[in-house]
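Here's a quick briefing to read with the model open beside you. Take a look at the structure first, then work through the notes by topic.

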Amino acid sequence: MSLGYAEKLSFIEDVGQVGMTEFFDSAHVLQDKIEQLAKLIQKSRHLVVFTGAGISTSCGIPDFRGPKGIWTLQREGKPLPEASLPFHRAMPSMTHMALVELEKAGILKFVISQNVDGLHLRSGIPREKLAELHGNSFMETCPSCSAEYLRDFEVETIGLKETSRRCSDEKCGAKLRDTVLDWEDALPPKEMNLAEKHCRMGDVVLCLGTSLQITPACNLPLKSLRGGGKIVIVNLQQTPKDKKASLVIHGFVDKVIAGVMEWLNMQIPPYIRIDLFQTILTQSLSSDKKFVNWTIRIASVHGLSAPLPFIKSVEVSFSDSQNYKEATLNTQPFLLKRRTVRTETFEMFLKLKFSDGCGCLSTQIKIPFNFQASTEDFKLDKKATFEKMRDVAIQDSSCGQNSVVERRTVLVPKSEITVHAVVTNVRTFDCHISNGDLKPRKEGLQGSETTTRKRSKGRKRKMSS
């Protein structure tokens, strides 16, 4: 989990049991259990998956209570773990993407997550098939109209507090709130009710990477038992619910799920991350009408004051026929002001250098400049555009591809606002198991397998009244 999230939580003296013993099934036992799980999934009519931090440690996100967890090391007086990449650049694991494929195949009906990393949404699980019990570090919500806003930056607060942004609905405009629970915050009733409903309907509830210790969430899988459902637990540590489970597997979640997908003869889809940004070209005539004063700004699509975390710097250059001075913008807001002769036309090139965690170093976009020409507004089908970009990224096995998805003009001050999409990560998976081990991933960041995040046995979340 994000170190920032841990630091934002209210201080409590007792964080519960940490550094719990890990157990590993032998290779032949693990393989036998994987086949049992695959058969259960194959025969299931209503599969529900309940996830904890154990599915995200391979994404490079430190946990809390594992041997190298944040609170384990704190109690031992050791330095805190360092995330292998920025929290906002964490990519879904093999397990996240396998769940996406199971959902698309109609096998997986619902996902319940205790994680706040937002990786289920980023992976492609539909929002209506996901309950995020503890919130999402990248989500803001409107308390007035219930609109949700998924950000590419970590929201600055937790505890359901007001943030610095407002609802973009012109009829609303209320102040937004973060969605991440602090220790004493009540579980959101909408998410909890959906989770309970699907657990009651579930004939298989698969618990992945969770210690099943925090109440009331840990009791959700038990609701399937009354209707004859079965519980399967995949976790490195023992849990209080093991005796209620039909099958308990001690192994890394990615290895188990890879084995299941191989047995089912299903491919794990690649993860392609596409980020958005906007360029704003503002122009005005000088007082003598001979020159154009113009400004180019590279900004977040979430607002001019919002951070743009995946861009580190911008290099601005011009077509060879022009003698304009190049510029490098190293700090946000990325802004350049210039004056040119009114009749001149030229091309401006923006080389966007990406931050750590992106799969390539940079991308380049071209912006034509003609003060006298008019620009037509347009808005492409974002979903169709993204699909084409994904196909190209998979075919090329690389990122950096970019496309314009929207352009609109503003008369006063005269401005051209263009929304760009860019592929910033490509990650593929190979679920084949050889000699009990996963084959290396074909491409992308290699998250190290660590352990599951643990919550204390007695730790409780409040229930909303």
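Let's start with S146, which is exposed at a relative accessible area of 54% (exposed means over 50%, buried under 20%, and partly exposed in between, using a 1.4 Å probe and protein chains only). Keep in mind that this is a predicted model, where local features need pLDDT of at least 70, side-chain atom pairs count only at pLDDT 80 or more, and totals for chains, interfaces and linings use all residues. Residues are numbered from 1 along each chain as its sequence is written, and side-chain values use heavy atoms, with hydrogens and water left out.

- S146 sits in the loop between strand 4 and strand 5 (strands are DSSP runs of E with at least two residues, helices are runs of H or I with at least four, and both are numbered from the N terminus).
- S146 isn't a glycine, yet its phi is positive, at about 70°.
- N265 is another non-glycine with a positive phi, this one about 60°.
- You'll find N265 in the loop between helix 7 (253-263) and strand 12 (271-285), and it is exposed, with a relative accessible area of 68%.
- There are cis peptide bonds to look at too: one runs from T215 to P216, with omega near 0°, and P216 belongs to the loop between strand 9 (204-208) and strand 10 (230-234).
- Q332 and P333 are also joined by a cis peptide bond, with omega about 0°, and P333 is in the loop between strand 15 (327-329) and strand 16 (334-341).
- For background, most peptide bonds are trans, and most residues other than glycine have a negative phi.

**The annotated cysteines**

- An unreviewed UniProt entry places the feature "binding site" at C142, C145, C167 and C172; such positions are given in the numbering used here, feature names are shortened, and annotations may be inferred rather than shown by experiment.
- C145 lies in the loop between strand 4 (139-141) and strand 5 (148-150) and is partly exposed, at 35% relative accessible area.
- Leaving aside residues up to four places away in sequence, C145 touches C167 and C172 (contact means heavy atoms within 4.5 Å).
- C167 is in the loop between strand 6 (162-166) and strand 7 (175-178), and it counts as buried at 6% relative accessibility.

**Strand 14 and its partners**

- Strand 14 (residues 311-318) is mostly covered, with 6 of its 8 residues buried.
- Strand 14 runs antiparallel to strand 17 (residues 345-354), and 7 bridges join them (two strands pair if DSSP finds at least two bridges between them).
- Within that pairing, E315 stands opposite K351 of strand 17.
- Strand 15 is also antiparallel to strand 14, joined to it by 3 bridges, and L329 in strand 15 is the bridge partner of V314.
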